[in-house]
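Subject: Structure handover

Hello,

Here is the structure I promised to pass on. Please open it and keep it beside you while you read my notes below.

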Amino acid sequence: VGLLNTDGNGGILTGSLLDQNDGGTVVSSASMTALNANTMAANGRGTLSFSANSVNTNLVIYMTGTNSAFLLDGSTGTANDVLIGTLEAQTGGGAFTAASLSGTFTLGWLPGIINSNGPNGWVSIDGVSGWTGTDDDLHGSSGLSPDAQIAGGYTVSASGRGTLTLSNQTGGEIFYLVSPSKAYMVTNDPTSTKDPVIVIEK
């Protein structure tokens, strides 16, 4: 998950960040720089190539509208790589605070990682620093943990990048706000090698 700032002319601007957990190899808040001039055809198919944390990524993108697209990872990597994704325009970027994330949200995990396990449920966020909720979490061979009570804390930076901690677990989640009503999260726990990207949304 991350934040991509572009110049509209094939370049990537300062402030573009990437957080990733690739089979337990965690990349945190890595700056993204363009490898080549990114391209876009009239039919909406384009390329997006960047380097972050000394790792090169090459994406094929298909635009679905202005500042929105589907992504396909064309890079060489491990079987744990997320092979698909979305690009969405951020609203409110540069002025986010903890109060930007407030209210009741559903949460669910996205496909893209082979044999991944994840939660579905809801969370109530207080707009200050805390949250509570309930989820049904799938844990590989141990099966489903139904109706689990969860809680923790969170922070939000002006860019929309934030951290979320769980009171009963080590590690936590890194998230990026698309808007005050939607965010994408990925775990920063290196012992979690099969966790998917999670979306929370009002």
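The protein chain has 17 strands and zero helices. Both are DSSP runs, numbered from the N terminus: helices are H or I with at least four residues, strands are E with at least two. This is a predicted model, so local features need pLDDT of at least 70 and side-chain atom pairs count only at pLDDT 80 or more, while totals for chains, interfaces and linings use all residues. Residues are numbered from 1 along each chain as its sequence is written, and side-chain values use heavy atoms, with hydrogens and water left out.

Some totals come next. Of the 202 residues of the protein chain, 41% count as buried. Buried means under 20% relative accessible area, exposed means over 50%, and partly exposed lies in between (1.4 Å probe, protein chains only). The accessible surface of the chain is about 10200 Å². Carbon and sulfur atoms account for 54% of that surface. These areas come from the Shrake-Rupley method with a 1.4 Å probe; for residues, only the protein chains shown count as cover. Take the contacts between residues at least 6 apart in sequence: 34% of them join residues at least 24 apart. Contact means heavy atoms within 4.5 Å.

S1, S2 and S3 form an open sheet in the order S1-S2-S3, with antiparallel pairing. The edge strands are S1 (2-3) and S3 (25-31), and each pairs on one side only. Two strands pair if DSSP finds at least two bridges between them. S2 (residues 17-22) and S3 are joined by five bridges. In that pair, Leu18 stands opposite Ala30 of S3.

Next, look at S8 (residues 68-73). In a regular strand the side chains alternate between the two faces of the sheet. The covered face of S8 holds Ala69, Leu71 and Asp73. Its uncovered face holds Ser68, Phe70 and Leu72. S8 has partners on either hand in my notes:

- S7 (residues 55-65) pairs with S8 in the antiparallel sense over six bridges. Asp73 in S8 is the bridge partner of Leu59.
- Thr86 in S9 stands opposite Phe70.

How many of the six residues of S16 (residues 182-187) are buried? Six of the six are, so S16 is largely enclosed by the rest of the structure. Both of its faces are covered. Lys182, Tyr184 and Val186 lie on one side, with Ala183, Met185 and Thr187 on the other. S15 (residues 172-179) and S16 form a hairpin with two residues between them. Six bridges join this antiparallel pair, and Val186 in S16 is the bridge partner of Ile174. S16 also runs antiparallel to S17 (residues 198-201), with four bridges. There, Ala183 stands opposite Ile200.

On to the nonpolar cores. A nonpolar core is a set of buried Ala, Val, Leu, Ile, Met, Phe, Trp, Tyr and Cys residues joined through side-chain atoms within 4.5 Å. The largest one has 19 residues. Ile125, Trp131, Tyr154 and Phe175 have the most contacts inside it. S10, S11 (119-126), S13 (144-156), S14 (161-166), S15, S16 and S17 each supply at least two residues of this core. S13 gives the most to it, with three residues. Apart from this core lies another, of 12 residues, among them Val27, Leu59, Ala69 and Leu71.

- Leu101 is in the loop between S9 and S10 (102-109). Leu101 is buried, with a relative accessible area of 2%. Leu101 and Ser181 are 80 residues apart along the chain, yet their C-alpha atoms are separated by 7.2 Å.
- Ser179 is in S15. Ser179 is buried too, at a relative accessible area of 13%. Leaving aside neighbours within four places in sequence, Ser179 is in contact with Thr91 and Phe96.

Best wishes
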